[in-house]
Amino acid sequence: MSDPRAPLPSPLLPCPATAIGMARMTRKDVAEVAALEELAFPDPWDKQTFERELINAFSRTFVCRDEGGRLVGYIIYWIAGPEFHILNVASHPETRRQGVGRMLINRCVSDALDDGAEFVALEVRASNLPAKALYQRYGFVTVGIRPRYYKNGEDAEVMLLYLRP
């Protein structure tokens, strides 16, 4: 029988060796992030929403850039008590399936583990099979549905990654 107090195995996924760098998002990044948002999502956030997240005390914002300085991804998550909540994560369409998304999610999950969080939560479009497959590789499980969550009426799946037994 396993010890219920034993920590869970690390949910972090390996990332391929790349020349991708990660840094905190700044106001200088917002225009590029908003442009990537338009490429990535049918209901994109506007620049003002990203700017608000930069000054939100419980928000963490990071960008990834390739060795040429091109923005290839970003993540925004909130820290709310025992929960880390991923609000927005995207990788550039030209760099998908190259580890950028894993790098970004690893950052959030690593921070959550370091902070002693109980779980990481997110919403994902029910039709976004590639994203759901990535989240499931981390151990996220669907715990509910938010009906008509998106502007086009599509449902969102609520997914949780439990970090404690």
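1. Start with strand β3, residues 71-80. This strand is mostly covered. Seven of its ten residues are buried. Keep in mind that this is a predicted model.

2. Which strands pair with β3? One partner is strand β2, residues 59-65. Seven bridges join β2 to β3, and the two run antiparallel. For a pair to look at, take Cys 64, which stands opposite Gly 73 in β3.

3. The other partner to check is strand β4, residues 83-91. Eight bridges join β3 to β4, again in an antiparallel arrangement. Find Ile 79 here: its bridge partner in β4 is Phe 84.

4. Now look at the links between these strands. How many residues lie between β2 and β3 in their hairpin? There are five. Gly 69 in that hairpin takes a positive phi near 90 degrees. The hairpin of β3 and β4 has two residues between the strands. In its turn, Gly 81 has a positive phi of about 65 degrees.

5. Which residues make the nonpolar patch? They are Val 141, Val 143 and Tyr 162. The patch covers about 260 Å².

6. Is Tyr 162 buried, exposed or partly exposed? Its relative accessible area is 44%, so Tyr 162 counts as partly exposed.

Conventions:
Residues numbered from 1 in each chain as written. Predicted model: local features only at pLDDT ≥ 70, side-chain atom pairs only at ≥ 80, totals over all residues. Heavy atoms only, no water. Patch = residues over 30% accessible without salt bridge, like charges linked within 9 Å, V, L, I, M, F, W, Y side chains within 5 Å. Areas by Shrake-Rupley, 256 points an atom, 1.4 Å probe, with all protein chains shown as cover. Salt bridge = Lys/Arg side-chain N within 4 Å of Asp/Glu carboxyl O. Buried < 20%, exposed > 50% of the residue type's maximum accessible area, 1.4 Å probe, protein only. Helix = DSSP H or I, 4+ residues; strand = E, 2+ residues; numbered from the N terminus. Pairing = 2+ DSSP bridges.
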